[in-house]
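Open the model in your viewer and keep the sequence panel at hand. This tour goes from one selection to the next.

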Amino acid sequence: MPRILIVEDEEIIRSAVRKLLQHAGYDVADAGSVEEAEQSHDPDDFDLIISDLRLPGAPGTELINRAPNTPVLIMTSYASLRSAVDSMKMGAVEYIAKPFDHDEMLAAVENILARKSGTPKETTTDAQPDITDKAGSDPASIMFGQCEAMHKVFTLIRKVAPTETTVLIQGESGTGKELAARALHLLSPRAAKPLISVNCAAIPESLIESELFGHEKGSFTGAVSARTGLIEAADGGSLFLDEIGELPPEAQSRLLRVLQEGEIRKVGSTQSRQVDVRMIAATHRNLKAMTRTGDFREDLYYRLNVMQVRIPPLRERQGDILGLAARFLHRQGGKMGKPHLNLSPEAMRALERHRWPGNVRELENAIERATILCDSDLITPSLLDLEYEGGDEDIPQTLVEGNNEQVRSREPESSSDLSLEDYFQHFVLENQDKMSETELAQKLGISRKSLWERRQRLGIPRKKASGN
């Protein structure tokens with residue numbers, strides 16, 4: 001049984017990670033600092049160390065030096081993401097940004113331990129990993145899916161991953177796009193190199209270029225020292241750009257140069273340097289529609305959309321709903337000391353009938369909520385709290401059938417095969433410059449609150465403030 005040492009000063013996080021790993025079958029010890037870890041344990045006796053970056057006393061990266069024969073995975077908040085990149089250069093095998101998904105943590109641990117057992121640590125940098133023998137490298141071991149739609153996704157990932165092709169992952173929020181990106185990286189020849197994940201929507205627009213491309217000392221106010229960008233940090237590995245549709249125009253232009261020429265130039269520098277990065281992008285927005293409104297560069301769209309992987313929404317995965325629910329229930333029940341929880345037949349039917357606008361993430365939240373509230377071993381529909389189906393957010397049939405003048409004038413390709421979500425997104429993007437929020441809501445047959453909520457979920461920015 002692999003032994004794992006957790007070094008984390010926050011008791012809640014340390015306890016959560018410990019229970020997660022113990023439930024997965026690992027032998028786990030923990031400590032609150034580097035000093036405590038050395039006093040209570042011999043770090044070199046473990047198969048893996050998971051450490052927070054910022055600790056009282058010595059930083060987590062100090063364990064890389066003090067346990068040279070043990071791989072170290074660094075946990076960090078987004079605010080210290082650049083420091084995490086520096087830790088990769090110091091020898092950390094991987095980093096995970098907080099808050100992390102449980103499946104992401106388990107997949108990372110499984111992959112690191114597989115690499116450690118398959119290849120001596122001192123040769124992992126130069127040797128191409130044997131991906132065929134790694135349990136953590138198959139997409140089906142990272143993402144759950146038994147339905148035909150997900151089997152198609154897994155097949156496509158297996159075919160595309162070993163290539164150098166740029167991949168665009170599309171899917172609604174909560175479908176698991178980051179897990180698909182991880183699977184693409186782990187199945188590639190770059191698996192031994194870093195996978196750098198960047199949420200473009202989480203970085204302020206004024207900092208996005210500095211974060212991605214780096215900057216020179218003094219290039220702008222506050223640039224007190226030179227910084228390596230995240231693209232350069234991914235050199236030799238993969239770069240995952242989540243929410244690529246949120247990139248501002250200037251950053252889009254610079255990213256296009258990376259894809260075309262394979263080179264970057266830091267902010268404030270006159271020198272360019274070559275980088276070898278496999279690009280994986282993801283979005284829940286309709287990039288093609290955004291190219292027509294000028295919000296996304298058309299040339300960048302075609303550079304990114306070399307190979308497309310679409311993650312189906314949960315409403316198209318009827319055969320997976322109960323399987324996913326069982327996995328989440330097993331996990332949450334173990335965490336909360338309720339290992340014998342089961343879903344009632346009525347609860348199962350409620351799960352299968354629900355439309356799941358929040359997809360897998362919404363399902364996981366529903367199971368967690370029910371686990372907390374359940375006082376017996378049986379979860380009922382009332383505990384799942386799925387009564388509200390969002391009926392006032394449905395697109396009117398007149399709009400779907402094309403009775404609206406704006407819909408009739410749309411290109412033929414987009415009038416017959418789009419989902420209701422696509423119709424909503426197209427209609428708002430095409431009409432928001434000439435309609436107020438109230439008028440848009442009236443045309444769509446929904447409330448202004450529903451319009452705002454759907455904008456947030458689909459990532460459609462408002463073009464202008466409305467005083468109505």
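The stops below cover a pair of helices, then one more helix.

This is a predicted model, where local features need pLDDT of at least 70, side-chain atom pairs count only at pLDDT 80 or more, and totals for chains, interfaces and linings use all residues. Residues are numbered from 1 along each chain as its sequence is written, and side-chain values use heavy atoms, with hydrogens and water left out.

Select residues 318–335, helix 14, and residues 345–353, helix 15. (Helices are DSSP runs of H or I, at least four residues; strands are E runs, at least two; both are numbered from the N terminus.) The two helices pack at about 130 degrees, axes 9 Å apart. Helix 14 and helix 15 are therefore oblique to each other. (Angles under 35 degrees count as roughly parallel, over 145 as roughly antiparallel, 65 to 115 as roughly perpendicular and the rest as oblique.)

Now show the side chains at the contact (heavy atoms within 4.5 Å). Helix 14 brings Gln318, Ile321, Leu322 and Ala325. Helix 15 brings Met348, Leu351 and Glu352.

Stay on helix 15. Which of its residues are buried? Pick Ala347, Ala350 and Leu351. (Buried means under 20% relative accessible area, with a 1.4 Å probe and protein chains only.) Look down the axis: the buried residues of helix 15 fall within an arc of 100 degrees, so they line one face. They pack against several elements, including helix 14, helix 16 (359–373) and helix 17 (381–384).

Last, select helix 21, residues 437–444. Glu437, Leu440, Ala441 and Leu444 are buried there. Down the axis of helix 21, these fall within an arc of 95 degrees, so they line one face of the helix. (The arc is that of the directions from the helix axis to the C-beta atoms.)

Terms used
Axes fitted to C-alpha atoms, helices over the stretch in contact; angles between N-to-C directions. Buried < 20%, exposed > 50% of the residue type's maximum accessible area, 1.4 Å probe, protein only.
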